[in-house]
Each structure stands twice: as C-alpha cells, then as structure tokens.
Amino acid sequence: GQQTWEEALLVIKTLRKTGITAYIVGGAVRDRLMNRAPSDMDIAAAATTEELSVVFPNAVKPSEKFGTLLVKSGNSIVEVTPFREGAKTIEEDLKQRDFTCNAMAADARGAVIDPFNGQKDIRKKVLRTPESAERAFFLDPLRVIRAFRFSAVLGFSLDPEAERAAEAAAAGLSHTAVERIRDEITKLLEGKKRLSALENMRELRLFSYFPEAVRTGSPFFHHPTLVQFPAGAKVSWAALLYALYGRKSLDMLNGWRFSNQARKQCRWLLERVDVSASPDTWRQWLYYFGPKQVSDLEKLKQWKYFTYRGRTCAEWKKTWEALPIHSRQELALPPKSIASMPAYEGTAKIGQVIAFLEQAVVNEKVENSEHKLLAYLEEMYDE
Ligand code: ATP
Ligand code: MG
C-alpha cells in the first residue's frame, strides 16, 4: 500500500516537472482513507495521451478507449489517464465519476481533494453519486452493477435516491457490454457481503438483464444454502451460474464470454457438482487436477447440497501429498522400458499404457516399483 502510493506520487512529480498537473484518483484514494490495500493505482492528468507519451515514451498503451498509459514506477504499474471528457480541472473530472467515495483525488503532496464529501460518505458507509443520481445511472447503467459491487466489497449501502435511480436505469443494462458486467460481478463475488448484494440485486430484478434472462422461480430464489455462498473466483461463479440458470448453466458459459481458461474451470466444476463419485474417482480427480480444484468442487457441492459434508481443503491437501505419485514422471516404469516390452513393442499405445498405470498406482492397485509395474502389465497382457 504505502510503497505503491509513494511510487504513484513519483509519477505525479515527474509529470509536474514538465508542467503537467496530475492526481491520484479513484479507488486508491478511497482505499487509503479506509486503510485498505489498493488494487491498482490510477492517476488523472491534465494532458492528452500524446503529451503523456512524450513524458513516458516506454509506457504501454493497453487500449485506445480512455487513452490510458501504463507507467512503470519502482515495482508498481501505475495507470495514467487524461482527465475525463471535457474536464479542464480535477473537480470537473471527479464530478464524472461514479460515487462520491470514488470521486476524490490526492495531489503531489498527498493532500486530499474531496469536493463531494466522499470522506463523509465513507464514514456513513453510503454510496452516493456526485451529482444527480438519475443522470449518472442513465449515462452509464454499469454503475448500477458497480453500486452492488462496492456494497459487496466495502459493505456500503446505496443512499435512497441512488437506489431509486438505479432501479429506474437498470433496463439500460441490456445495452451494456456483457464483459463489463462480468468483470464487476467477478469483483462482487470476492466481497465479504456478496450474499446480501446478490439478494438486493435479485430484489431489483437485475438478473433479468444478464445474458439470457432468467425466469422468476429460478433456483436462486429458493436455494436453502444461499447463506454459505462460496468464496473464490471460480467456485463462486460456478455457484452463481447454477443459481441463475440451473441445469442450463453449462450452456451459459458462452453467454458470459469468459476466457477459455475461466470457462474450462467453471465447466469442470459444473459438470461434476451432481456426480456422486467413487473414492477412486475422487483420487483420480485429485491426481489430475490437484487439491485446490478438488476442494473447490467440495465447496460447490456443499453449497448446493445442504447435507453434503465433504473434506476440507487441508484434508484434500494431505490426501494429495500422500498419493503414491503426483505426475507420470514419477512412475517407476519409464516409457522407454514399456516400449521395449515385447507385448508393446511398436504399438502406438504407450500413452494409454502409461495412463492405465497412473490410474492403477494412484488407486493403489499396484505398488510404484519397476518390477511390480512390469509384473502388473504382463499379467494384464496375458488376460
Ligand atoms: P478497485 O479497487 O476494484 O480498483 P476502483 O474504485 O479503483 O476499484 P476501477 O474500476 O478501478 O474502480 O475504476 C477506477 C475509478 O474510475 C473509480 O474509482 C471511479 O472513480 C472511476 N470509474 C470507473 N468506472 C466508472 C464508471 N463506470 N462510471 C464512473 N466512474 C467510473
Ligand atoms: Mg482501481
């Protein structure tokens, strides 16, 4: 926290030497005032992207959209962005931000600029828009989702005017890019108060603006174990998808435009949540996918089935450590030896044989020693 803050101030001082005024803005200022670790450092500068590029010729330009530059300072990456559209002063920039707690800035000396009483709203734990709430949510309906994201993460509540305006503007979410909604939900799901945030969103019928609107009466409404809504990026998404779409959740992975990796991990969990697997199958999963993923599956099952009692993450880790092997490299019979066995010579099945041995060793059907494995294979071949 402290270090990144200082590194951001260095960027501001560098800019000031060239006559450009700049400020730390947004979440970093809020988090500092709340004694929270910042997730990233944003700087707003009174300059165009071109002018900023002259000062930081090595900066990375991630996308054209807001003209943001990624500037390396010490060990931190600081996002430097020109003032928001039409803003000539920092106050005008801050006015266009979503909530008063995010509409504060810090100058080169660290002094806080707070034209909309963000500090007071932080003390009151309330989300309020700097200007007319109606206009703010209408201009960018994503702010509706952001409001619930911050309520989940910071434990704040919407002030009554903001809540009314959010409800009225929610329909605009059907025109908001699903990726933007997805990224806010991902952060929401990491919040301590994610459950009540989701409940409040449900009350406002916000889920009907999610990909492929859900019927009322979706499992989410009745799920008795909602109270334990699981934590963790993958497993909480899997739970949410299940809660929203029930048995169609697998089909909805595309609708939310997840990355291939996120899609794969969610799919893995959703495909197994209803399977009552044998101890051998659990060991296979543990061997191939590791204790973290397996305990995510346990969490999801526990959430879905009230009475289900799985093993804890620590127990799975112990079981994993006690597995006779952890990868095929640890098999005591190397692929070379298999290939030189008369029975398998010249066959294209070495991969299958190895997989077969891995399974047998993991499930303790055979000891992982060269002669035992050889004997096991020969016996199999004879049958
Ligand atoms: P985090 O701690 O997750 O980074 P953050 O408050 O920094 O939260 P970001 O999404 O990183 O949020 O955005 C940085 C800042 O940009 C916000 O604090 C806010 O001032 C402003 N902002 C971001 N998105 C919007 C938006 N849709 N409408 C208005 N202001 C926004
Ligand atoms: Mg941020």
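Ala, Val, Leu, Ile, Met, Phe, Trp, Tyr, Cys and Pro are counted as nonpolar, Asp, Glu, Lys and Arg as charged, and the others, Gly among them, as polar. The legends below describe close-up views of a predicted model.

**View 1. The shell of residues around ligand 1.** By these classes, the residues of the shell around ligand 1 divide into 1 nonpolar, 4 polar and 8 charged. Of the 13 residues around the ligand, those that come nearest are Gly26, Gly27, Arg97, Asp98 and Asn102. Helix α7, which spans residues 142–154, supplies the largest share of this shell, with 3 residues.

View 2. Strands of a sheet pair through backbone hydrogen bonds, either parallel or antiparallel. Here 6 strands, in the order β3-β4-β2-β1-β5-β6, form an open sheet with mixed pairing. The edges are taken by β3 (69–73) and β6 (112–113), each of which has a single partner strand, so that one side of each is left without a neighbour in the sheet. Helix α1 (residues 2–17) lies across β1 (22–25), β2 (41–45), β3 and β4, and runs at about 45° to β4.

**View 3. The packing of helix α12 with helix α13.** Two packed helices are described by the angle between their axes and the distance between the axes. For α12 (residues 233–245) and α13 (residues 260–272), the angle is about 60° and the axes are 9 Å apart; the two helices are therefore oblique to each other, and their crossing is right-handed. On the α12 side the contact is made by Lys234, Val235, Trp237, Ala238, Leu241 and Tyr242, which meet Gln265, Cys266, Leu269 and Leu270 in α13. The residues of this contact comprise 8 nonpolar, 1 polar and 1 charged.

**View 4. The packing of helix α12 with helix α14.** Helix α12 also packs with α14 (residues 279–304), at an angle of about 35° and with the axes 9 Å apart, and α12 passes α14 in a right-handed crossing. In this contact Lys234, Val235, Ala238, Ala239 and Tyr242 of α12 meet Asp296, Lys299, Leu300, Trp303 and Lys304 of α14. By class, the contact of α12 with α14 has 6 nonpolar and 4 charged residues, with no polar ones.

Methods:
Residues are numbered from 1 along each chain as its sequence is written. Chains are lettered from A and ligands numbered from 1 in the order in which they are written. This is a predicted model: local features need pLDDT of at least 70, side-chain atom pairs count only at pLDDT 80 or more; totals for chains, interfaces and linings use all residues. Axes are lines fitted to C-alpha atoms, for helices over the stretch in contact, and angles run from 0 to 180 degrees between N-to-C directions. Helices (H or I, at least four residues) and strands (E, at least two) are DSSP runs, numbered from the N terminus. Angles under 35 degrees count as roughly parallel, over 145 as roughly antiparallel, 65 to 115 as roughly perpendicular and the rest as oblique. A crossing is left-handed if the near helix is turned anticlockwise from the far one by less than a right angle, and right-handed if clockwise. Two residues are in contact if their C-beta atoms, placed from the backbone, lie within 7 Å. Two strands pair if DSSP finds at least two bridges between them. A residue is near a molecule or strand if its C-beta atom, placed from the backbone, lies within 6 Å of it.
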